[in-house]
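Please keep the model open while reading.

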Amino acid sequence: AAKQAGRGAYRFYEASMRTAAETRRSLEMDLRGALASDQLQVVYQPIFDVQQDRLAGFEALLRWSHPVRGMVSPEQFIPIAEESGLISSLGEWVLRTACMEAGQWPEHIRIAVNLSPVQFYNTGLSSTVMSALASSQITPDRVELEITEGVFLQETNTTRLTLQQLHEMGVRLALDDFGTGYSSLGYLRKASFSKIKIDRSFIRGIDSPDGENVPIVRAVVALADSLGMITTAEGAETPEEIHALRNIGCTQVQGFAYGKPMSYEAASALVASMESGTGHAILKPRETR
Ligand code: C2E
Ligand code: MG
Ligand code: MG
Ligand code: MG
């Protein structure tokens, strides 16, 4: 009977593996047509400068609205796009769209765009960026490219050259998801980063004085400071967390407490309300006593 059950469990395992692989294949096929059939959208999440108390910019994030499955998470489709090579065209589309749209906002509003390590395998990345800048007329220092340490795991001459060219073009580079993965400090020297983005996992409990993440975030802020870089804390969900991060000395905060990723129209309305001063009260975190 045990043997039978074991076989049953294996069959179940096999079946679910098959389903996962099939889902993946079908998602990959659908993703190929998604761009042409208007299923993709770039949304924008606000990033606040908590030291100067003003809107610093937005991070562009890709969304896929599947006609049958509904919203598919980037955590699910980005890896598929990377393995299938589709990420190059999707990434270029996000970059062009974000530069074009953010180019309509005031000069001091920056735009951050994620780059996959896979986009660095291609020698054409820096010319793609150059062309996106040229056609949107956005000034390079308003554009921030977010990369993860994944870029350095298979570092080649192409990677090094591309990072150098991007720096020379005048775009900013941010090290995303810092603190996850290997987080070798040596990565901080591999490119001219202007920013460290502290991963969301380090923000939990940041508002309690004896929270275990407090010394870690303090140390990362001090590290960034001494390297002449700024920090963005990702994933602050409460006003108390924003307050604590400001006191620790983080430069910027991004998280649901300030705003979820939103459409271009909503982001533009937020920019306008911040400019006129009316949005301030809504977004300013409640002072904690
Ligand atoms: P990321 O670059 O670290 O982006 C931040 C993620 O954290 C976003 O998830 C954002 O919605 C989420 N987030 C921000 N604040 C909060 C918060 O307060 N609470 C919680 N629970 N989550 C928060 P999203 O949009 O689902 O994207 C997930 C990841 O997918 C991104 O992480 C990035 O690695 C990747 N991704 C998204 N769009 C693109 C893209 O255009 N290109 C590439 N290469 N990767 C992308
Ligand atoms: Mg990012
Ligand atoms: Mg991140
Ligand atoms: Mg991430």
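A polar contact is a pair of N or O atoms within 3.5 Å; within protein, one must be able to donate a hydrogen and the other to accept it, and residues adjacent in sequence count only if both atoms are side-chain atoms. T156 caps the N-terminal end of helix 6, with a side-chain oxygen 3.2 Å from the backbone nitrogen of T158. Helices (H or I, at least four residues) and strands (E, at least two) are DSSP runs, numbered from the N terminus.

This is a predicted model: local features need pLDDT of at least 70, side-chain atom pairs count only at pLDDT 80 or more, and totals for chains, interfaces and linings use all residues. Residues are numbered from 1 along each chain as its sequence is written, chains are lettered from A and ligands numbered from 1 in the order in which they are written, and side-chain values use heavy atoms, leaving out hydrogens and water.

**Helix 6**

Helix 6 spans residues 157-169, 13 residues in total. From first C-alpha to last it reaches 18 Å, close to the 18 Å expected at 1.5 Å a residue (1.5 Å times one less than the number of residues). Buried here means under 20% relative accessible area, exposed over 50%, and partly exposed in between (1.4 Å probe, protein chains only). T159, T162, L163, L166 and M169 are buried in helix 6. They sit on the same side of helix 6 because they cover an arc of only 125° around the axis, taken from the directions from the helix axis to the C-beta atoms. The face turned away carries the exposed residues N157 and E168.

What do the buried residues of helix 6 pack against? Their partners are helix 4 (125-136), strand 5 (143-147), helix 5 (150-153) and strand 6 (172-178); contact means heavy atoms within 4.5 Å. Just after helix 6, G170 takes a positive phi of about 100°.

**Aromatic pairs**

Rings of Phe, Tyr and Trp (its six-membered ring) pair if their centres lie within 6.5 Å; planes under 30 degrees apart count as stacked, over 60 as edge-to-face and the rest as tilted. The structure holds 9 such pairs. One of them is Y44 and W105, edge-to-face with centres 5.3 Å apart and planes at 80°. Y44 lies in strand 1, W105 in the loop between helix 3 and strand 4, 61 residues apart. Y44, F58, W105 and Y264 form one aromatic cluster.

| Residue | Relative accessible area |
|---|---|
| Y44 | 0% |
| W105 | 6% |
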